[in-house]
Amino acid sequence: MVKQMSELDLETVTSQYYDVLKELGNIGAGNAMTALSQMIGSKIDMRVPQVKLLEFDELGTIIGGEEQIMVGVFLGVEGDISGSMLFLLEQSSAKHLINKVMMGMGSPDDPEFTEMERSAMQEVGNIITGAYLNSLAMITNLTIYPSPPSLTVDMAGAILSVPAIEFGIYGDKILMIQSQFFDDVEIDGFFVLVPDIDSYAKILSALGMPV
């Protein structure tokens, strides 16, 4: 059974399966941006998200290189499916966003994060990833809930090593949603969903796809 799921999810994902996953990513990212807009009290525009099924080792390059300083919010995914999720932002984008959330009381020009800024960013990540997972739960009718999030400011390679260690158990492909959103500054946000093998099959089955 595990072998069949592995072949389905990691090796022979057809364009039909990919289209379903892409639509899932679009809806989730759109709802996450709506939640963010409500949080900061201003309109946010969003380009159509780019959804990609990637080899895990390609991810560092896609987000700007493994030495790029990023802010990452990492959480576990539990319930009917299991795995992990990352929301990643480039450091300056995160500082801009935090300053918005803090109504101008942040320090966008200082690369270091105060304790208050870290707390605000963690809450932003919590709301955005929560909205994404809620969308996934509503569409699939599965019970999905996140573990408490953790915040890391580090090089992309170091942040990605956390899910990479977990994901090495399961395979080598992940679903990445790149969301470009902007108010007065353009921000690239990256959602990285890492379900385990059984969970991919559950998601596709719940969406009416044969597995």
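Is glycine 125 buried or exposed? In the predicted model, glycine 125 has a relative accessibility of 0% and therefore counts as buried. The residue is found in helix α5. With residues up to four places away in sequence left out, glycine 125 touches Val73, Phe87 and Gly130. Leucine 88 is 37 residues from glycine 125 along the chain, and the C-alpha atoms of the two are separated by 8.9 Å.

Confidence in the model was examined next. The mean pLDDT of the protein chain is 76, and 83% of its residues reach 70 or more. Over residues 1–10 the pLDDT is below 50, although this stretch has 20 contacts in the model beyond near neighbours in sequence. Where pLDDT is low, predicted coordinates should not be read in detail.

A pair of aromatic rings is described by the distance of the centres and the angle of the planes. The structure holds 2 aromatic pairs. In one of them, phenylalanine 87 and phenylalanine 191 are tilted, with 5.0 Å centre to centre and 40 degrees between the planes. Phenylalanine 87 lies in strand β4 (residues 83–90) and phenylalanine 191 in strand β8 (residues 186–195), so this pair ties together parts that are 104 residues apart in sequence. Both phenylalanine 87 and phenylalanine 191 are buried.

Tyrosine 132 and phenylalanine 191 form an aromatic pair that is stacked, at 5.4 Å centre to centre and with 20 degrees between the planes. The angle is under 30 degrees, which is why the pair counts as stacked. This pair, too, links distant parts of the chain: tyrosine 132 belongs to helix α5 (residues 115–140) and phenylalanine 191 to strand β8, 59 residues apart. Tyrosine 132 counts as buried because its relative accessibility is 2%, and phenylalanine 191 is buried with a relative accessible area of 0%. Taken together, Phe87, Tyr132 and Phe191 form one aromatic cluster.

Charged side chains were considered separately. Side chains of opposite charge can pair when their charged atoms come close. A search of the whole structure finds 1 salt bridge. In this salt bridge the side chains of lysine 95 and glutamate 117 meet, at 2.9 Å from N to O. Lysine 95 is in helix α4 (residues 91–101) and glutamate 117 in helix α5, so that the pair links distant parts of the chain, 22 residues apart.

At 17% relative accessibility, serine 147 counts as buried, because the value is under 20%. A polar atom of the serine 147 side chain lies 2.7 Å from the backbone nitrogen of glycine 76. Leaving aside neighbours within four places in sequence, serine 147 is in contact with Leu75, Gly76 and Glu78.

Terms used:
Residues are numbered from 1 along each chain as its sequence is written. This is a predicted model: local features need pLDDT of at least 70, side-chain atom pairs count only at pLDDT 80 or more; totals for chains, interfaces and linings use all residues. Side-chain values use heavy atoms; hydrogens and water are left out. Rings of Phe, Tyr and Trp (its six-membered ring) pair if their centres lie within 6.5 Å; planes under 30 degrees apart count as stacked, over 60 as edge-to-face and the rest as tilted. Helices (H or I, at least four residues) and strands (E, at least two) are DSSP runs, numbered from the N terminus. Buried means under 20% relative accessible area, exposed over 50%, partly exposed in between (1.4 Å probe, protein chains only). Contact means heavy atoms within 4.5 Å. pLDDT is the predictor's confidence in each residue, from 0 to 100. A salt bridge is a side-chain nitrogen of Lys or Arg within 4 Å of a carboxyl oxygen of Asp or Glu. A polar contact is a pair of N or O atoms within 3.5 Å; within protein, one must be able to donate a hydrogen and the other to accept it, and residues adjacent in sequence count only if both atoms are side-chain atoms.
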